[in-house]
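This note is meant to be read alongside the sequence and the structure. Each numbered point takes up one topic and may be checked against the display.

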Amino acid sequence: EYKSYLRMMRLYGIFLLGFIGYIHSTAPGFRFQVTQKGINYARDVLIPMLTDAIKTAKIPDVSQRVDTPVGHIHFTLSSVRITGVDVSDTNVKLVSPSNVEGTISNARISLHANWHYREDSWPHISDSGSVDMSASSITVSLNILVDTTSTGQPHVSPKSCQFNIGSLSVTFHGGASWLYNLFSSSIESTIKDQIKSQVCPLVNDEIKSDLNSILSTVDLKTDIDDNCYIDYSLVQPPFVIKDALFVNGKGEIVSKARPSECPAPKQELPQTVNDSKMVTLWVTEYMLNSAGYAYQQADFLQYNLTSDDIPSEVPIRLTTDFFKYFIPQLYKAYPDRNLSLWINVTKPITLDVNTAGVSGKAEGVIIWYVLDENNDKTEAFRLDVQLDLCVNISVHLGTMSEIYLDLITVEPYVQMRSSNIGNFSVGALESFIKLSRSLIVPFINGMVKNGIPLPAFDDIAFSGFDFSLHNGYLQIYTDIKYTPSSGVRTPREVYTIFNDDFECKIKRSGIFKIIEDVLDL
């Protein structure tokens, strides 16, 4: 009985771990949501394109044996071309769980073709000419499943197709057309059946091949710079809820040199819909924090600061003489020497997104080196450093869109780790660093000047902007605009996500929290 209990608990544990693993693997770092308003816009753009495509569609020849008043004949329609299309009543809607359903009603199509017939029996009378056909009250119903491939690429497949012609009128020209027009109704049903049997297979083939071929070109992995790229691969099939299509992507920034999954926690996103805009972009805290992890993996967050990095107009010099009032021991041990600072961020930079704004934390070490006349280094001391960050997010929207993280201000805290020049108080040095914030901020912003690319689609631009901040993610509300390629890039719209009332606060950690707790006492 006890063994049965253990076995049951073991199975429960395996199930629980599997479930947690599933949640972790499918929780998105980025979400792309299309509302019915966006679907309607896409319909309005695509219908004229569809109409033009129909006009140029290649229609196969129709060949059939038909019983007529003149006998049993072999009848052929060749060189069939569409001369007119009227698609006035269309509807596209999202259907749960992952489908798009489109309908066309009361459409009209005009066709022109060459006809030829030959009587099966002797004396094998034949004739030929041209024919005009007008099909009306056409209805089309199509259901498409939106899915994903094993590699996270979007994929569609036709689930059902129905095509019907309400009426078809046929007018013959040439040959003995006056006679054939008298009994044209006898072959209209045959022509209708032939056309109906051709349309849905053609549509299904177009979806399977051409549409998926287009979707396969959507680049879900985009370079940010030489160090990292962002991966938007789908983590689960798209799904429909509340008249909106939800597309969940990884939204993870990855180091090119040392790719590995960011260990930061993911969170499940609520299934809310804002139907005032066509598209909602969900940028999660995980996506932003994956940047800190990736650049840490790429060894990008390291820098050797020398006097050459400081503009001549800035009254600061990396010399022991300049710092002799802040660190007297340094000048006493090494008078009139140049310095270099090895700055190393030892942990991934983390950001916290909440309803008030975006704050963050960076931790690292600064090694102070003294340089001799040959620029050989001697380590003087090491500082543990924590920077509290206030971050502004700006969004550049257009045919190419990016998110930019801009540092607004920093609050530095330092603690001595080790010293080769004797113990000294770091209070004066910390005060100096705080006074130098106006130099630190642009320096850091200059290091991370590239934006994070948002998913891009050929000839589609984002336009218009609104946003909301939530705990763990932000939502960007925008519209889409069709911009056919013209060789001219659409001017980008720049928006800022910032709350003027936001007060940047973050809890200390490690040794800094111990010091804070002692001071509070």
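1. The structure discussed here is a predicted model. Every value below should be read with that in mind.

2. The length of helix α5. Helix α5 covers residues 285-297, which makes 13 residues.

3. Among the buried residues are Tyr 286, Met 287, Leu 288, Tyr 293 and Tyr 295. Just after the helix, Asp 299 adopts a positive phi of about 55°.

4. Salt bridges in general. Side chains of opposite charge can pair when their charged atoms come close. How many salt bridges does a search of the whole structure find? The search finds 15.

5. Glu 101 and Lys 93. These two side chains form a salt bridge, with 3.8 Å from N to O. Glu 101 is partly exposed at 23% relative accessible area, and Lys 93 is likewise partly exposed, at 38%.

6. Asp 479 and Lys 277. The side chains of Asp 479 and Lys 277 also meet in a salt bridge, at 3.8 Å from N to O. Asp 479 belongs to strand β23 (residues 473-482), while Lys 277 lies in the loop between β13 (252-255) and β14 (279-284), so the pair ties together parts that are 202 residues apart in sequence. Asp 479 is buried, with a relative accessible area of 16%, and Lys 277 is buried as well, with 18%.

7. Asp 384 and Arg 417. Here the salt bridge has an N to O distance of 2.9 Å. Asp 384 is part of strand β19 (residues 377-397) and Arg 417 is part of strand β20 (residues 402-419), so this contact joins parts 33 residues apart in sequence. Asp 384 is buried at 17% relative accessible area, whereas Arg 417 is partly exposed at 47%.

8. A network of charges. Glu 411, Glu 430, Lys 434 and Arg 437 are linked by salt bridges into a network.

9. Aromatic pairs. A pair of aromatic rings is described by the distance of the centres and the angle of the planes. The count for this structure comes to 17 aromatic pairs. One of them is formed by Phe 239 and Phe 246, which are stacked, with 5.1 Å from centre to centre and 5° between the planes. Both Phe 239 and Phe 246 are buried. Elsewhere, ring pairs link Phe 322, Phe 323, Phe 326, Trp 368, Phe 381, Phe 424 and Phe 432 into a cluster.

10. Charges over rings. The charged end of Arg 31 sits over the ring of Trp 282, at 4.8 Å from the ring centre. In another such arrangement, the charged end of Lys 377 sits over the ring of Tyr 369, at 5.1 Å from the centre.

11. The disulfide. A disulfide is a covalent bond between the sulfur atoms of two cysteines. How many disulfides are counted in this model? The count is 1, and this disulfide joins Cys 161 to Cys 200, with an S to S distance of 2.1 Å. The torsion about its S-S bond is about -80°, so the disulfide is left-handed. Cys 161 lies in strand β7 (residues 154-164) and Cys 200 in helix α4 (residues 185-216), so the bond ties together parts 39 residues apart in sequence. Cys 200 counts as buried, at 12% relative accessibility.

12. Other buried residues. Cys 228 is buried at 0% relative accessibility, and Cys 262 is buried with a relative accessible area of 3%. Asn 248, found in strand β12 (residues 244-249), is buried at 2% relative accessibility. The side chain of Asn 248 makes a polar contact of 3.0 Å with the side chain of Gln 236.

Terms used
Residues numbered from 1 in each chain as written. Predicted model: local features only at pLDDT ≥ 70, side-chain atom pairs only at ≥ 80, totals over all residues. Heavy atoms only, no water. Helix = DSSP H or I, 4+ residues; strand = E, 2+ residues; numbered from the N terminus. Expected span 1.5 Å × (residues − 1). Buried < 20%, exposed > 50% of the residue type's maximum accessible area, 1.4 Å probe, protein only. Salt bridge = Lys/Arg side-chain N within 4 Å of Asp/Glu carboxyl O. Phe/Tyr/Trp six-rings, centres within 6.5 Å; stacked < 30°, edge-to-face > 60°. Lys NZ or Arg CZ within 6 Å of the ring centre and 35° of its normal. Disulfide = S-S within 2.5 Å. Polar contact = N/O pair within 3.5 Å; in protein donor to acceptor, adjacent residues only side chain to side chain.
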